[in-house]
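Grab a pencil and work through these exercises with the model open beside you. Try each task before you read its solution.

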Amino acid sequence: MKIGELDFTYANVLLFGLAVFLLMGVISFIKQGLKIAALIVLALAALVAAGGVMWL
């Protein structure tokens, strides 16, 4: 699907959805007081979001 000049594929949408899912995990870990685990999952979410942007 083309939106403007960007060509979105199922892989892009899947990666962005995975990034949002991981960000929800970060919020859950912070509420539980697991700050190191939240940082690790946040780094993974950043990598997934970067991968989704690079796939565009």
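**Exercise 1. Which residues does phenylalanine 16 touch, not counting residues up to four places away in sequence?**

Step 1: look for contacts, meaning heavy atoms within 4.5 Å. Phenylalanine 16 touches Phe8, Ala49, Gly52 and Val53.

Step 2: Phenylalanine 16 and glycine 52 sit 36 residues apart in sequence, yet 6.1 Å apart in space, C-alpha to C-alpha.

Step 3: Phenylalanine 16 lies in helix α1; helices (H or I, at least four residues) and strands (E, at least two) are DSSP runs, numbered from the N terminus.

Step 4: sort it by cover. Buried means under 20% relative accessible area, exposed over 50%, and partly exposed in between (1.4 Å probe, protein chains only). Phenylalanine 16 is partly exposed because its relative accessible area is 28%.

A word on where these values come from: this is a predicted model, so local features need pLDDT of at least 70 and side-chain atom pairs count only at pLDDT 80 or more, while totals for chains, interfaces and linings use all residues. Residues are numbered from 1 along each chain as its sequence is written, and side-chain values use heavy atoms, with hydrogens and water left out.

**Exercise 2. Is asparagine 12 buried or exposed, and what is it in contact with?**

Step 1: find asparagine 12 in helix α1.

Step 2: read its cover. Asparagine 12 has a relative accessible area of 0%, so it is buried.

Step 3: list the partners. Leaving aside neighbours within four places in sequence, asparagine 12 is in contact with Asp7, Gly52, Trp55 and Leu56.

Step 4: The buried residues of α1 are Asn12, Leu15, Ala19, Leu22 and Val26, and they pack against β2 (6–7) and α2.

Here's a handy rule for that list: an α-helix has 3.6 residues a turn, so residues three or four places apart point the same way.

**Exercise 3. Which residues form the largest nonpolar core?**

Step 1: know what to look for. A nonpolar core is a set of buried Ala, Val, Leu, Ile, Met, Phe, Trp, Tyr and Cys residues joined through side-chain atoms within 4.5 Å.

Step 2: collect the members. The largest core has eight residues: Leu15, Ala19, Leu22, Val26, Ala38, Val41, Ala45 and Val48. The elements giving two or more residues to this core are α1 (10–32) and α2 (35–55).

Step 3: zoom in on one member. Leucine 15 touches Val48, Gly51, Gly52 and Trp55, again not counting residues up to four places away in sequence.

**Exercise 4. How does the span of α1 compare with the one expected at 1.5 Å a residue?**

Step 1: get the expected span, which is 1.5 Å times one less than the number of residues.

Step 2: compare. With 23 residues, α1 reaches 33 Å from its first C-alpha to its last, close to the expected 33 Å.

Step 3: look just past the end.

**Exercise 5. Are leucine 23, isoleucine 30 and lysine 2 buried or exposed?**

Step 1: leucine 23 is in helix α1 and counts as partly exposed because its relative accessibility is 38%.

Step 2: isoleucine 30 is also found in helix α1. Its relative accessible area is 48%, so isoleucine 30 is partly exposed.

Step 3: lysine 2 belongs to strand β1 (residues 2–3). At 59% relative accessibility, lysine 2 counts as exposed.
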